[in-house]
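Morning, everyone. I'll keep this brief. Please have a look at the screen.

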Amino acid sequence: MPEIKVVRVHADVRQDQTVTTGTKAWELFAEDTDVIAARVDDTLKDLSYELADGDVVESVEIHSPDGHDILRHSTAHVMAQAVQDLFPDAKLGIGPPIENGFYYDFDVATPFVPEDLDKIETRMRKIIKEGQRFSRRVTTDADALAELADEPYKIELIGLKGGAGAEDPDSMGEGASVEVGAGELTIYDNVNRKGEAAWSDLCRGPHLPTTKRIPAFKLMRSAAAYWRGDEKNKQLQRIYGTAWETKEALEAHLHRLEEAEKRDHRKLGRDLDLFSFPDEIGSGLPVFHPRGGVIKREMEDYVRQRHIEEGFDYVGTPHISKEGTFHLSGHLPYYADGMFPPMEFEGANYYLKAMNCPMHNLIFRSRGRSYRELPLRLFEFGHVYRYEKSGVIHGLTRVRGFAQDDSHSYVTPEQAPGEIKHLLDFVLGLLRDFGLDDFYLELSTRDDSKPDKFVGSQEQWDNATDVLRTACEESGLELVPDPGGAAFYGPKVSVQAKDAIGRTWQMSTIQYDFNQPEGFDLQYQAADGSRQQPVMIHSAKFGSIERFLGVLVEHYAGAFPPWLAPVQVQAIPVADAFSDYLHDVARRMKLQGLRVEVDDSDDRMQKKIRNAQLQKVPFMMIAGADDVAAGAVSFRYRDGRQDNGVPIDEAIARVTAAVATREQV
């Protein structure tokens with residue numbers, strides 16, 4: 001047998017280790033119990049994969065991102081096996097790994113109930129304890145169709161494999177790419193100790209060596225889900241679960257979920273009377289109540305002023321436009337599915353705008369422009385509407401109508417790098433002012449395998465991507481690639497920010513656009529008198545006011561810093577006799593621009609304090625006889641600390657300073 005050289009990445013394999021053709025991948029990593037798979041020439045493989053001449057190999061450990069996916073995908077198979085053991089008539093759908101977990105879809109006569117999940121978990125533990133081996137085998141379409149004749153959804157997937165799915169697995173629908181797509185068709189058997197296939201599933205893999213390598217898992221919930229994510233298809237029953245490399249990691253994840261539930265902005269929005277989603281208005285269309293309106297106004301006032309300070313001019317555009325505007329921008333047909341249907345009026349089709357950029361282009365084009373005006377920076381709070389499917393709408397973080405803090409910079413090609421750096425500094429400073437300071441950057445680029453989904457030449461894309469990448473690298477922040485995630489008209493960089501409990505949110509975006517200036521025939525007169533096309537740079541600092549507010553509610557768990565708090569000070573009289581005194585103090589505070597309420601209710605003082613705590617008010621001022629006599633208040637903080645006998649002027653100064661410095665208390 002010929003010998004080959006394996007270029008190693010894992011510590012237990014020597015650099016340029018010499019092995020024999022036919023060596024199984026597991027033989028390279030047998031000493032390391034954390035290794036569950038191998039990356040061979042950039043492709044994930046099971047450890048049973050036989051190496052060939054020239055293969056480049058590295059280990060995949062269970063705690064790595066790829067390792068998590070393999071662990072969770074394998075656990076999904078164990079769950080499906082357990083379901084069919086307990087419910088023999090259940091038909092299999094699809095079971096992919098997802099962020100922090102997995103799911104599997106089933107066609108069953110009766111929806112699952114919590115008691116069913118308990119039984120399925122118990123059966124899964126038995127399968128895991130048995131140490132069943134995941135065994136991969138290659139099959140033909142004909143053999144697979146015969147073997148899976150009783151699984152109609154698998155039969156459908158095999159049929160799709162011969163169509164568009166062969167080139168584009170994602171086109172086959174939600175989760176289908178884990179089962180079929182480009183390349184050979186494979187089935188995985190769960191082999192028991194007798195060497196028999198205890199259960200089989202159509203799958204591309206890879207999987208763990210055995211079920212014993214599943215250290216910790218939990219089934220979370222069940223829900224209805226359309227087959228392949230298409231609402232025109234039949235509803236199946238989906239079971240969600242999670243799996244982790246240790247019991248400690250599982251417990252930590254469950255704790256994060258518990259904390260996230262406490263911080264759910266939809267619940268806090270109700271409890272704090274911030275916003276609601278009336279059915280009469282429609283799904284994904286929020287309304288802000290007075291207290292939520294205070295936060296929204298503070299955010300808007302702040303970001304409007306910051307844009308002015310950064311050289312932007314405030315503009316305004318309508319909510320609807322004739323369809324021709326969106327043809328010029330390229331959004332029709334590239335983005336038509338994300339827009340509400342057109343409205344026919346006076347012989348023309350009008351669309352609710354899903355973006356503000358086309359109208360800003362028309363402002364630029366309204367008169368001749370000189371290079372001396374560039375960079376020209378336009379900004380507005382533009383209300384836009386996007387047709388999000390009902391299944392993805394989620395509180396304020398995924399809505400159908402929202403206000404974008406949308407801005408566009410028109411620059412010469414030479415100015416583009418400096419403008420992107422300027423915008424990135426602006427974005428990061430703004431996010432820090434709102435209490436988010438743990439970031440990394442994500443660079444979204446074109447998917448070269450799908451050229452029909454993007455406009456522009458390779459040269460344009462390469463240049464734009466290089467400009468963004470350089471600006472990101474100069475920021476000193478971690479830069480993570482996102483291949484295929486670009487908008488159709490150009491690459492983008494997004495700021496990914498972590499909140500107080502470590503969750504990552506995509507916040508601000510900066511996009512380089514060479515398409516729309518061409519579509520709108522935007523020009524400026526250069527220094528040599530020639531007509532040149534500007535570069536257009538999109539930037540959204542919040543993304544949307546609604547989504548950013550939802551993120552802030554969860555980040556602060558509703559306990560906003562004083563400058564954003566709907567009520568900054570709650571004044572609480574010890575008895576009715578001291579109400580007038582506190583009303584006078586409140587009047588003085590309001591003259592300083594502070595938001596103060598006096599609780600004149602019939603509740604006892606302790607309940608008033610409790611109510612203020614439940615409303616997460618930053619400061620309380622309590623006044624009794626001694627306070628009135630001294631011209632002071634008892635000053636109480638949100639965390640329970642209290643200073644008695646604080647002179648009124650000092651109390652006002654404390655609150656004013658906390659608001660001015662945007663500190664959290």
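I'll talk about one helix and its two packing partners. Keep in mind that this is a predicted model.

A word on the description. Two packed helices are described by the angle between their axes and the distance between the axes.

Take α8, residues 290-309, and α12, residues 416-433. Their axes come within 12 Å and cross at roughly 150°. The cut-off for roughly antiparallel is over 145 degrees. So α8 and α12 count as roughly antiparallel. The crossing is right-handed. Who makes the contact? On α8, Tyr-302, Val-303, Arg-306 and His-307. On α12, Phe-426, Leu-430 and Asp-433. By class, the residues of this contact are four nonpolar, one polar and two charged.

Now α8 against α15. The axes are 11 Å apart, and the angle is about 115°. That makes the pair roughly perpendicular. Again for this pair, the crossing is right-handed. From α8 we have Gly-292, Ile-295, Lys-296, Met-299 and Glu-300. They meet Ile-545, Glu-546, Phe-548, Leu-549 and Leu-552 of α15. The residues of this contact split into six nonpolar, one polar and three charged.

Next, α15 itself, residues 545-555.

One last detail. Just after α15, Ala-557 has a positive phi, about 55°.

That's it from me. Thanks.

Note on methods. Residues numbered from 1 in each chain as written. Predicted model: local features only at pLDDT ≥ 70, side-chain atom pairs only at ≥ 80, totals over all residues. Heavy atoms only, no water. Axes fitted to C-alpha atoms, helices over the stretch in contact; angles between N-to-C directions. Helix = DSSP H or I, 4+ residues; strand = E, 2+ residues; numbered from the N terminus. Parallel < 35°, antiparallel > 145°, perpendicular 65-115°, else oblique. Left-handed = near helix turned anticlockwise from the far one by under 90°. Contact = heavy atoms within 4.5 Å. Nonpolar A, V, L, I, M, F, W, Y, C, P; charged D, E, K, R; others polar. Buried < 20%, exposed > 50% of the residue type's maximum accessible area, 1.4 Å probe, protein only.
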